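Colleague: Please take me through one part of this model closely: the interface between the two chains. I would also like a word on what lies behind it.

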Amino acid sequence: MSSNLVSILYLISAFLFILSLRGLSHPESSRVGNILGIIGMIIAIVTTLMFKNVLSYTEIGIAILVGGFIGTIIALKIEMTALPQLIAAFHSLVGLAAVFVAASALYDPLTFNIGEIGKISKSSLVEMSIGTFIGAVTFSGSVLAFGKLQGTISGNPIIFKFQHLINALIFLFIIVLIVYFVLTQSTSIFWIIVIASILLGFLVVIPIGGADMPVVISMLNSYSGWAACGIGFTLSNNLLIITGALVGSSGAILSYIMSKGMNRSILSIVLGGFGGEQPNQNNTDNSDKIVKQGNAEDAAYILKNADSIIIIPGYGMAVAQAQHALREMVDLLKKEGIKVRYAIHPVAGRMPGHMNVLLAEANVPYEEVLELEEINHDFPMTEVSFVIGANDVTNPAAKTDETSPIYGMPILDVEKSETILFVKRSMATGYSGVDNELFYRNNTTMLFGDAKKMCENIVKSL
Amino acid sequence: MDSIVNHSSEVFVIGLTVFFLACVIGYYVVWSVTPALHSPLMSVTNAISSVIIVGAILAAGPEGFGVSKIFGITGVILASVNIFGGFIVTYRMLSMFKKKSKAKKEQ
């Protein structure tokens, strides 16, 4: 195949990838978008198989079948609540694949037209080592993020002395290694770069707490794109460069949106230390404040007599798998002619858009699920706010208390509605460790218990 | 790439141009994605970033067996897991997003 034809086919494939992202601007066009993405990928793979030095079809075919089989099984079996872990695991594979491609380019540069062994051009070596570095960091960072989300590793931030200094030194060490590698083309230096980068990836994610995971996943998403870009530069492959840049900027924008949703700079999240289940030290004594408790029957009564209800789901709903029971409850309320809508905070859940997927899974039509800016002005006209598994995103301290760690974070104006129902397991604080004054208000009723059981009991009482 | 590529600074600058323009396109396209679909956005970008399989296929391409080829084949396996897994999980997610009328019918 002529190199011009290859370039054109790669261009078509890149264009289809852009369209597949564009499709996600609306749920209706998104499904077509996904198909276009698949077609783009098929074109890219078939085009590459037509290269004249690609001869071992059996091995490649078996490799694709094995990988494809594993991927298909995982994707079909995964529970939607476990999506964040799955995405983290997938990111780690992209990172690792980038390292392997870079390694094979180093061991067999002739195949890639970047020179001979020991005589690879300097620019290729620089690009190769940057791609390897980002790929290896993505790999180990994602593995750790996976562990934290899955619960294999504690989600609490792990902090030790001189953490940032150690990270900075490792980073400098890697830069020195890269320079040395470019000058010597030594394969052993290459592997030391890989190991040092893997170590750095672990150390970078270790201080970041569970609740900051939406940002971490988005950032790793971005890194996996930049790794692909680095390899694209090494192999002078425009398709890889374009796709890598698309993925890289997508992850970067998501990280930005997430950190904005928490009113924290990306830098402070990366430096870590926030977002575990720390004991709350900054709490005043609340024992004298009165908390109004209720049970499922009380809640059913309040809900039934309302005209309009807004439901605020949070990570607790996902943990309790309460989305289906919640939707059943809402169906009954809607039959009574009550207007029910859902309000989603940008950082609800453990990954961007997680709540929307869970509600969609429970058959909630997407028109009823609204974003913070779309629904926030409706709270004053709302009779009941039903908060299920969320906490910090409703805390008015974010607007009033300048000393609060969550000050400045955009919140859902739940306090403006007439009545607030809080489904929670206990009085415990949210990830920020800040007490929520809403719990002590006259118009708040606390519903203690498992989110799923509570919804089921409300359904029974309706 | 069948013709010999002279990996000079010129090639790098062309790559840089492509990279820069792709970032601009990425910026505008991603901002137009509705926040409700941010999870599928992550899984689909995950799937397409596995286009790195192109490099792995080239590495696995030559006949015979060498270290480079083993790396290539491993790369193909890893990227395939992602391609199939990423697109299928995206499909599963997107097929759950329904309009009011459709959601009612399926209940």
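Modeller: In this predicted model, 112 residues of chain A are in contact with 87 residues of chain B. Contact means heavy atoms within 4.5 Å. The two chains bury about 9,100 Å² between them, and 74% of that is on carbon and sulfur atoms. Buried area is the accessible area, taken with a 1.4 Å probe, that two parts lose on being put together, summed over both.

Now the polar side. Across the interface of chain A and chain B, 22 residue pairs are in polar contact, both residues at pLDDT 80 or more. A polar contact is a pair of N or O atoms within 3.5 Å; within protein, one must be able to donate a hydrogen and the other to accept it, and residues adjacent in sequence count only if both atoms are side-chain atoms. By class, the side of chain A that touches chain B has 64 nonpolar, 34 polar and 14 charged residues. Ala, Val, Leu, Ile, Met, Phe, Trp, Tyr, Cys and Pro count as nonpolar, Asp, Glu, Lys and Arg as charged, and the others, Gly among them, as polar.

The count of salt bridges between chain A and chain B is 1. A salt bridge is a side-chain nitrogen of Lys or Arg within 4 Å of a carboxyl oxygen of Asp or Glu. B:Lys69 pairs with A:Glu59, and their closest N and O atoms are 3.0 Å apart. Over all chains, the structure holds 9 salt bridges. One of them joins A:Glu28 and A:Arg31, at 3.7 Å from N to O. These two residues are separated by about one helical turn, because they sit 3 residues apart in helix 2 (residues 27-49) of chain A. Helices (H or I, at least four residues) and strands (E, at least two) are DSSP runs, numbered from the N terminus.

Chain A also has an open sheet of 6 strands, in the order 5-4-3-6-7-8, with parallel pairing. Two strands pair if DSSP finds at least two bridges between them. Strand 5 (369-371) and strand 8 (444-448) of chain A are the edges.

On conventions: residues are numbered from 1 along each chain as its sequence is written, and chains are lettered from A and ligands numbered from 1 in the order in which they are written. Local features need pLDDT of at least 70, side-chain atom pairs count only at pLDDT 80 or more, totals for chains, interfaces and linings use all residues, and side-chain values use heavy atoms, with hydrogens and water left out.
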